[in-house]
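Thanks for asking me to look through this one with you.

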Amino acid sequence: IYIRTEAYHFYLQYVKRKAVRMAGTSDHEQEAVLKVKQQLEQCKDPVEKLRLRCLARGASGIKGLSRTFRIMDDDNNKSLNFHEFFKGLHDYGISVDKEEAQLVFHQLDKDGSGAIDFEEFLQALRPPMPEARIQIVNKAFQKLDTSGDGIVTVEDLHGVYNATQHKKFKSGEWTEDQVFREFLDKFDSPYNKDGKVTWEEFLNYYSGFSASIDNDAYFIQMVKTAWKL
């Protein structure tokens, strides 16, 4: 089965539809980032401001913050205290003062325990996605996750992803596994690429794209086309 290899192809289709020229990162994505920055100037809600700050870093902004917090969860208790939360924001390059960070933290710490649940935090931070969009993204993930363990690895891609069409494979510069690894890196955090993509990371990646595409039908069709669903 040949899957159109670039996850970015999803975005490229949208740009072509709008007759916008691709140049490195797409003009459309640049426009989306500009729009987010304009919204940020007017935003008052602390959580919404944090979401917009992530999206201002591009479609993978929330995915990258998610990975940063996971790295910091040394005891794997899937929760963050304020110190971890504040440090994580700064480690990821989101500049907020302590007072603003406390506003976000207290808004999310609904039970007043002094810690916020990691999953609940990400759910609050992700741009809202209609259920139909989540379902089609999940189908794409399941197609890649051939082992069914909830994590896509190089091993999962054998027999699903055709590496032979990649120019560096054709030239002999890369092996098949190196092509697979590059593919997975597109969904991974730029700060900690481990060759593994979880459902959460996959959804975070597409939530960034989803935020800049208004039409549900077009989003769904683009995912179907990109992954041959």
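1. Let me start with a term: a salt bridge here is a side-chain nitrogen of Lys or Arg within 4 Å of a carboxyl oxygen of Asp or Glu. By that rule, the whole structure holds five salt bridges. One of them joins the side chains of Glu100 and Arg53, at 2.7 Å from N to O. Glu100 lies in helix H6 and Arg53 in helix H3, so this pair ties together parts that are 47 residues apart in sequence.

2. A word on what we are looking at. This is a predicted model, in which local features need pLDDT of at least 70 and side-chain atom pairs count only at pLDDT 80 or more, while totals for chains, interfaces and linings use all residues. Residues are numbered from 1 along each chain as its sequence is written, and side-chain values use heavy atoms, with hydrogens and water left out.

3. Now the overall picture. The protein has 13 helices and four strands; helices (H or I, at least four residues) and strands (E, at least two) are DSSP runs, numbered from the N terminus. Of its 229 residues, 46% count as buried, where buried means under 20% relative accessible area, exposed over 50%, and partly exposed in between (1.4 Å probe, protein chains only).

4. Another bridge joins the side chains of Asp216 and Arg133, at 2.7 Å from N to O. Here Asp216 lies in helix H13 and Arg133 in helix H8, so the pair ties together parts that are 83 residues apart in sequence. Asp216 is partly exposed, at 32% relative accessible area, whereas Arg133 is buried, at 3%. Through shared partners, salt bridges join Lys49, Arg53 and Glu100 into one network.

5. Arg51 is found in helix H3 (residues 46-55) and counts as buried at 13% relative accessibility. Beyond its neighbours within four places in sequence, Arg51 touches Ile62, Ala124, Leu125, Arg126, Pro127 and Pro128. Ala101, in helix H6, is buried at 1% relative accessibility.

6. Which residues have the most contacts inside the largest nonpolar core? They are Phe202, Tyr206, Phe219 and Trp227, in a core of 31 residues. A nonpolar core is a set of buried Ala, Val, Leu, Ile, Met, Phe, Trp, Tyr and Cys residues joined through side-chain atoms within 4.5 Å. Helices H8 (131-144), H9 (154-157), H11 (176-185), H12 (199-210) and H13 (216-227) each supply at least two residues of this core. H13 gives the most, with seven residues. A second, separate core of 28 residues includes Val36, Val47, Ala56 and Phe121.

7. Eleven of its twelve residues are buried, so H12 is largely enclosed by the rest of the structure. Among the buried ones are Phe202, Leu203, Tyr205, Tyr206 and Phe209.

8. Finally, the rings. Phe141, Phe183, Trp199, Phe202, Tyr206 and Trp227 form one aromatic cluster, and the count comes to eight aromatic pairs. Rings of Phe, Tyr and Trp (its six-membered ring) pair if their centres lie within 6.5 Å; planes under 30 degrees apart count as stacked, over 60 as edge-to-face and the rest as tilted.

How values were computed
Contact means heavy atoms within 4.5 Å.
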